[in-house]
Amino acid sequence: MISRKMRVCTAVGLAYGSLFALFLLIDVYARPHLVSQVRHPDPSKEGFELKKQPAQGPGEAANEVEQDKDQDIVPPEHINGLKLERDGGLNKDFHPEVFLGKQKEEFDEDSEPRRNREKLVEIFGKVDVNADHKVTAVELQHWIMNKTREHFQQAMEENKDHFKAVDPDGDGRVSWDEYRIKFLVSKGMDEKEITKRIKHNEDLKIDEEMEEVLDNLQDRWMQADDSPQDQLLSEHEFLAFQHPEHSRGMLGYMVHEIIRDLDQDKDQKLSASEFASLPVGTVENQKEQDIDDEWVRERRREFTDVIDTDHDGLVTRQELEAYMDPMNEHNALSEARQMIAVADEDEDESLNLEEILRYSEYFTGSKLMDYARNVHEEF
Ligand SMILES: [Ca+2]
Ligand SMILES: [Ca+2]
Ligand SMILES: [Ca+2]
Ligand SMILES: [Ca+2]
């Protein structure tokens with residue numbers, strides 16, 4: 001049985017491996033991007049796309065600087081190492097993120113396969129703590145936890161700068177009014193004018209869509225404001241506002257937002273069809289249809305195999321929160337097992353260097369073209 005499997009694997013290994021990884025990384029996740037654009041007519045969702053549109057304010061151009069400012073002070077849609085995006089889409093970079101930690105950027109930038117290969121060999125040596133040339137699920141689990149901590153650390157460091165941007169007087173507290181002035185200025189509105197209107201409680205003269213974006217941000221702002229609730233955010237609270245993974249309460253609130261947006265029958269739980277419900281719209285050709293079908297299959301698979309832990313066909317708040325929690329050791333272990341299963345061609349329930357190199361696109365997001373020539377140098 002195993003030898004037959006081995007022969008098959010050897011025969012089609014290269015081509016199948018890279019095709020499969022490409023398939024996993026590209027096709028399956030092609031749709032969620034569309035979803036965040038088409039699926040949610042909810043302006044609170046659309047609002048986070050505003051930076052891609054022309055500035056809303058009169059006479060102001062949306063330049064690069066303003067876009068960057070906006071990204072620094074608005075909670076990001078995507079969080080490294082978190083399984084879902086804020087809009088409930090699957091995070092397509094999750095595996096490279098938890099496998100590479102802060103090194104992921106190096107693989108993004110460095111397209112030279114030989115360099116990436118060297119780095120991957122080095123990483124393999126570090127994951128393989130007992131140096132038996134095999135990475136087990138437990139070794140990979142510990143590695144994932146460490147890489148997740150790296151993302152936490154990185155978010156905390158970046159937050160220091162982002163907080164300075166909203167707290168220019170440096171007293172360590174930011175009020176909602178101060179924040180929303182910064183936000184509206186980043187959208188191209190005049191700072192003096194908007195400050196005056198807020199001070200005198202006048203109409204802000206913003207459109208309905210922006211109004212809803214602000215309401216949504218204010219809800220998150222209040223959630224991030226720990227007791228005593230003084231409507232002021234400290235640096236630590238601002239971190240929770242931007243990065244829900246840093247606070248139990250905010251992670252729960254993010255789960256609440258996702259369920260609110262996907263729960264069609266309002267029973268506070270998600271069924272598989274609610275979780276894998278396609279956006280309204282028509283597909284124009286077979287290729288798009290295939291992408292849609294695969295997107296639905298992938299989400300249903302994730303729902304059934306991973307999220308719905310008691311297999312009753314419904315995902316509760318608790319189940320979704322446990323699934324989302326990046327510091328959950330149990331999740332890290334099942335993630336490690338899942339990652340091993342993808343690349344474990346010799347079916348020994350662990351990964352050797354060759355298996356990881358072969359599936360480098362799955363683990364790093366980057367293809368290694370020359371692995372075949374060099375793979376035996378290490379042995
Ligand atoms: Ca080992
Ligand atoms: Ca429901
Ligand atoms: Ca369940
Ligand atoms: Ca193996």
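Predicted model: local features only at pLDDT ≥ 70, side-chain atom pairs only at ≥ 80, totals over all residues.
The axes of helix 7, which spans residues 137-166, and helix 16, which spans residues 329-343, come within 8 Å and cross at roughly 120°. The two helices are therefore oblique to each other, and helix 7 passes helix 16 in a right-handed crossing. On the side of helix 7, the contact is made by Ala137, Leu140, Gln141, Ile144 and Met145, while helix 16 contributes Glu329, Ala332, Leu333, Glu335, Ala336, Arg337, Met339 and Ile340. Sorted by class, the residues of this contact comprise 9 nonpolar, 1 polar and 3 charged.

According to UniProt, in an unreviewed entry, the feature "domain: EF-hand" is placed at residues 115-150, 154-189 and 305-330. In the model, the chain over residues 154-189 is 67% helix and 6% strand, and the C-alpha atoms at its ends are 31 Å apart. Over residues 305-330 the corresponding values are 50% helix and 8% strand, with the end C-alpha atoms 14 Å apart. Helix 8, formed by residues 176-186, has as its buried residues Tyr179, Lys182, Phe183, Leu184, Val185 and Ser186. Just after helix 8, glycine 188 adopts a positive phi of about 100°.

Positive phi values also occur in residues other than glycine. Alanine 131, which is not a glycine, has a positive phi of about 55°, and this residue is located in the loop between helix 6 (113-127) and helix 7. Alanine 131 is classed as exposed because 7 other C-beta atoms lie within 10 Å, a residue being exposed if that number is 12 or fewer. Glutamine 231, likewise a residue other than glycine, has a positive phi near 65° and is found in the loop between helix 10 and strand 2. Because glutamine 231 has 12 C-beta neighbours inside 10 Å, this residue counts as exposed.

The loop that holds glutamine 231 also contains proline 228, where helix 10 covers residues 208-224 and strand 2 covers residues 232-233. The peptide bond leading from serine 227 to proline 228 is cis, with an omega near 0°.

Note on methods:
Residues numbered from 1 in each chain as written. Chains lettered and ligands numbered in written order. Axes fitted to C-alpha atoms, helices over the stretch in contact; angles between N-to-C directions. Helix = DSSP H or I, 4+ residues; strand = E, 2+ residues; numbered from the N terminus. Parallel < 35°, antiparallel > 145°, perpendicular 65-115°, else oblique. Left-handed = near helix turned anticlockwise from the far one by under 90°. Contact = placed C-beta atoms within 7 Å. Nonpolar A, V, L, I, M, F, W, Y, C, P; charged D, E, K, R; others polar. UniProt positions renumbered as here; feature names shortened; annotations may be inferred. Buried ≥ 20, exposed ≤ 12 C-beta atoms within 10 Å, placed from the backbone.
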